[in-house]
Each structure stands twice: as structure tokens, then as C-alpha cells.
Amino acid sequence: MANDKIFVTKPSLPEFEEYINEIKYIWESNILTNFGDIHNKLLEQLKKYLSVPNVSLFTNGHIALTSALKALGKKGEVITTPFTFVSTTLAIVDAGLTPVFCDIDPENYTIDVNMIESLITSDTVAILPVHVYGNICNVSRIEEIAKKYDLKVIYDAAHCFGIEHEGKAIGCYGDISMFSFHATKVFNTIEGGALVYRDENLSSVLKKITNFGLDTGYNASYIGTNGKMNEFQAAMGICNLKKVDENIQARKYVYKKYMELLSDVKGIVLPKIKEATKGNYSYFPIQVDKASYGISKNKLMELLNSNGIYPREYFYPLINEFDAYKGFGTVKDTPIAKQISERILCLPMYSSLTDKDIERICTIIVESNKGSEI
Ligand code: T4K
């Protein structure tokens with residue numbers, strides 16, 4: 001077995017000196033958090049980079065999403081998918097709303113737009129679709145449905161940093177989109193996240209929600225939270241933003257190499273990026289179809305693990321299979337999501353993955369099923 005372990009991802013870090021340079025200012029300003037200068041500088045840079053009119057920064061993507069839902073100021077049901085990270089559903093529940101699970105599209109794993117209308121009731125207040133792995137939801141159909149039923153659309157765009165769809169920045173779709181800047185993401189601020197939105201009036205509301213719901217008169221006008229991004233996080237963001245395009249290009253290379261080496265493996269379903277989309281190559285999900293591949297996903301994972309390679313089953317199990325969320329509909333309502341989640345495996349994907357690493361991973365996938373049983 002090789003000594004070097006290969007995990008599903010590896011965070012991008014700037015040069016050590018570069019980060020130290022960026023945080024020096026904190027020793028001069030004595031401002032460590034609570035909307036400081038470095039926070040404000042990153043915010044302006046992100047507005048430009050993401051091509052959106054309004055951005056609010058948060059301590060993590062999850063608090064950002066919860067805050068977006070709190071800013072709706074409504075009670076009721078939110079239509080979402082169970083094929084996602086637990087954060088999506090937790091944000092809905094934390095904001096005092098009720099998740100309603102919709103099935104997913106078998107091709108790109110985003111919300112099944114043909115099922116949404118059947119789930120709308122008089123209690124529905126919003127749709128919360130997930131651009132999972134950076135696969136873009138059917139944004140035009142979702143907009144039509146939202147208009148018809150007067151619903152808000154909040155996208156979980158945790159995986160979508162830097163993506164463009166049909167010539168538009170991904171953050172321009174829907175009422176609000178949430179990006180995650182967690183260490184494991186294409187762009188990181190150690191932990192962190194952002195909301196981007198059309199309505200500039202939301203900016204002051206979100207600032208209050210992020211700061212315990214307090215307004216300037218020290219009255220809590222919202223049931224808020226403590227969601228502020230601190231200066232050390234923002235400094236990491238400023239450093240990482242300089243290299244993000246280069247990193248995305250390197251990820252694109254990894255993506256292409258995987259596609260090339262795995263294209264002929266029977267029973268391995270490869271990802272598809274929509275033609276009109278400029279991707280960020282954040283994940284490399286494959287489906288393992290045991291019937292035609294010959295061995296199960298678990299067996300393949302075991303083989304990879306025994307060779308020091310650690311892919312992840314994002315997203316298995318489904319959220320509607322978790323004990324805490326079993327009250328909100330059953331997995332029987334989302335059969336496609338169930339099937340995909342049982343087959344899904346995210347292969348290692350990061351900018352510094354070498355040709356040798358990729359070949360090592362692919363050789364195991366290509367060779368593993370030859371003459372094997374389950
Ligand atoms: N919505 C969606 C659709 C999301 O995917 C997420 C987060 C959110 C909302 C919430 O956003 P945040 O609040 O996180 O900003 C990871 C991440 O923690 C999580 O951010 C991410 N989704 C989720 C899909 O993946 P785990 O439990 O798999 O993380 P962990 O610690 O096992 O890390 C995975 C691998 O990455 C490790 O095997 C090694 C490597 N790693 C990880 C960290 C943290 C490193 O090399 N260095 C590191 O510092 O959740």
C-alpha cells in the first residue's frame with residue numbers, strides 16, 4: 001500500500017508568508033471580528049468576483065442559509081431535496097420552517113422540477129433547491145413555478161463558487177443564493193459562507209440577523225444568531241481569492257483526466273456538466289452500478305481504502321433516512337434520490353492532485369471488477 005493517503009479533498013492554502021502579511025493589520029487595528037476592515041475588503045472583492053450586486057458574509061455556509069430563511073420572516077413549508085448535506089434541511093428546521101422533500105432528477109441530481117407543483121400547499125412559502133456538486137438546477141422552470149405560486153427561491157449554492165450558467169453568474173438566479181467557503185470547498189475562508197441577493201434592502205436585515213438580531217438602538221428586532229465572519233477568516237479569503245481561477249483550471253484538468261481514464265468502464269456512470277455552464281469542478285461524483293460493474297460500491301470503496309484512497313459517499317444516506325428528520329416524509333417519496341444515494345461515490349478532487357494520483361485511483365477502478373465477485 002502506498003504511504004500517501006489521498007482524501008476526497010485537500011484545502012487550498014496560500015503561501016504562509018502571504019497569510020501572515022494579510023493578518024498583520026489585525027495587530028494594528030485591534031479589530032478581530034464584528035464587521036472589520038478586512039471583512040469589508042473581502043466583501044467588495046467578492047461582489048466583483050461573483051458578479052452580484054449584494055453580498056453578506058457569514059461565519060459558515062450553514063449559518064448563512066439559516067439566516068436567509070430567517071430573513072423570509074415566514075412560517076410554513078419549504079420544498080427541498082434529501083440528496084444533499086444535512087445542513088440544507090437543518091437550516092430549514094432551525095429557521096422554524098418545515099421541510100418537504102422532493103425527488104431529484106436522475107441525470108444531474110438536482111430537484112425534479114416536474115414534481116415540485118404536486119408538493120405545493122397553502123402552507124408552502126419557499127423552494128430551496130440545491131445545485132448539488134455544482135450541477136445547475138432547472139433555474140428557468142423553478143422561476144416560473146415560484147412566480148405562479150408567489151414563492152421565494154433560495155438556492156443552496158454551497159458547491160457553486162465561480163460558476164456561470166447561460167452567461168450569467170450563478171448567484172443571479174433566485175431571490176438568494178448561499179455559497180460555502182468551508183476548508184473543503186473550491187474557495188475557502190477556513191470556515192465561512194456568503195449570501196448573495198437581488199434585493200438590496202436585505203442587506204441591513206441580514207446584518208442584524210448575523211449580529212444576534214440586534215439593531216443600532218440595541219433592540220433585538222429579529223430572532224437572530226451570531227454569524228459574523230471574523231478578520232482571520234476574511235484574510236484567508238483575500239489570499240485564496242487571488243489563486244482561485246488557477247485552482248479551478250487545475251481542477252478542470254483533473255476532471256478531464258478522470259473522464260478520459262474512466263470513460264470505458266462499464267457500470268461506472270460519470271458526471272455530466274451542462275453545456276451552457278462554466279463549471280468549477282468542485283466534486284467528481286460517479287455512480288457504481290453493481291449489476292453492470294460487477295462489484296458493489298462498498299467493495300470498490302474497500303479496495304480504494306486499502307490502497308490509501310478515501311473517496312466519500314456524498315450524499316448517502318439521504319436526509320429523510322436520518323433519525324432526526326424521519327418525521328418529514330419518507331424515503332419512499334424520493335425513490336430516485338434513494339437509488340442514486342446508494343450508488344454514489346465522490347472521487348478525490350482537488351487542484352494539487354497529480355497525474356500519478358489520478359492514474360493510481362483510476363487503475364484500481366478499472367481493474368477491480370475483473371474476475372471479482374461481490
Ligand atoms: N449545503 C451543502 C450542499 C453542503 O455541502 C454544505 C457543506 C453546507 C450546505 C454547509 O456549508 P458549511 O457550513 O460547511 O460552510 C464536509 C464539509 O465540512 C462541509 O462543509 C461540506 N458541505 C460537506 C459536503 O463535506 P465532512 O463531514 O465530509 O468533512 P470531513 O471533515 O470529513 O472532511 C472531508 C475530507 O476533507 C477529509 O477526509 C480530509 C479533508 N479535509 C477536511 C478538512 C476539514 C482536509 O484535508 N482538511 C480539512 O481541514 O463535511
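Both Tyr133 and Tyr283 are buried. They belong to a cluster of rings in this predicted model. This briefing starts with those rings.

**Aromatic pairs**

- The whole structure holds 19 aromatic pairs.
- Tyr109 and Tyr133 form an edge-to-face pair, because their planes stand at 85 degrees and the cut-off for that class is over 60. Their ring centres are 5.9 Å apart.
- This pair links distant parts of the chain, 24 residues apart. Tyr109 is in the loop between β4 (98-101) and α5 (113-119). Tyr133 is in the loop between β5 (124-128) and α6 (139-149).
- Tyr109 is buried, as is Tyr133.
- Tyr133 also pairs with Tyr283, and that pair is tilted. The centres lie 5.8 Å apart, with 55 degrees between the planes.
- Tyr133 and Tyr283 are 150 residues apart, so this pair too links distant parts of the chain. Tyr283 sits in the loop between β12 (277-278) and β13 (284-288).
- Which residues do ring pairs link into a cluster? They are Phe83, Tyr109, Tyr133, Tyr283, Tyr314 and Phe315.

**Charges over rings**

- The charged end of Lys207 sits over the ring of Phe35. The distance to the ring centre is 4.7 Å.
- Lys297 lies over the face of Tyr316. Here the ring centre is 4.9 Å away.

**Helices α1 and α2**

- Helix α1 covers residues 16-29, and helix α2 covers residues 37-50.
- The two pack with their axes 10 Å apart, at an angle of about 135 degrees. They are therefore oblique to each other.
- On the α1 side, the contact involves Glu22, Tyr25 and Ile26. On the α2 side, Asp37, Ile38 and Lys41 take part.
- By class, this contact has three nonpolar and three charged residues, and no polar ones.

**A buried glycine**

- Gly192 is in the loop between β9 (176-180) and β10 (193-197).
- Is Gly192 buried or exposed? Gly192 is buried, because its relative accessible area is 1% and the cut-off is under 20%.
- Leaving aside neighbours within four places in sequence, Gly192 touches residues including Phe58, Thr59, Asn60 and Gly61.
- The C-alpha atoms of Gly192 and Gly237 are separated by 9.0 Å. Along the chain, these two glycines are 45 residues apart.

**Cis peptide bonds and positive phi**

- Most peptide bonds are trans, and most residues other than glycine have a negative phi.
- The peptide bond from Tyr314 to Phe315 is cis, with omega near 10 degrees. Phe315 is in the loop between β14 (309-310) and α11 (335-343).
- Tyr316 and Pro317 are also joined by a cis peptide bond, with omega about -5 degrees. Pro317 is in the loop between β14 and α11.
- Ser51 is not a glycine, yet has a positive phi of about 50 degrees. Its place is in the loop between α2 and β2 (54-58). Ser51 is partly exposed, with a relative accessible area of 46%.
- Tyr218 is not a glycine either, and its phi is positive at about 60 degrees. Tyr218 is found in the loop between α7 (202-210) and α8 (231-262). With a relative accessible area of 68%, Tyr218 is exposed.

Notes
Residues are numbered from 1 along each chain as its sequence is written. This is a predicted model: local features need pLDDT of at least 70, side-chain atom pairs count only at pLDDT 80 or more; totals for chains, interfaces and linings use all residues. Side-chain values use heavy atoms; hydrogens and water are left out. Rings of Phe, Tyr and Trp (its six-membered ring) pair if their centres lie within 6.5 Å; planes under 30 degrees apart count as stacked, over 60 as edge-to-face and the rest as tilted. Helices (H or I, at least four residues) and strands (E, at least two) are DSSP runs, numbered from the N terminus. Buried means under 20% relative accessible area, exposed over 50%, partly exposed in between (1.4 Å probe, protein chains only). A charge sits over a ring if NZ of Lys or CZ of Arg is within 6 Å of the ring centre and within 35 degrees of the ring normal. Axes are lines fitted to C-alpha atoms, for helices over the stretch in contact, and angles run from 0 to 180 degrees between N-to-C directions. Angles under 35 degrees count as roughly parallel, over 145 as roughly antiparallel, 65 to 115 as roughly perpendicular and the rest as oblique. Contact means heavy atoms within 4.5 Å. Ala, Val, Leu, Ile, Met, Phe, Trp, Tyr, Cys and Pro count as nonpolar, Asp, Glu, Lys and Arg as charged, and the others, Gly among them, as polar.
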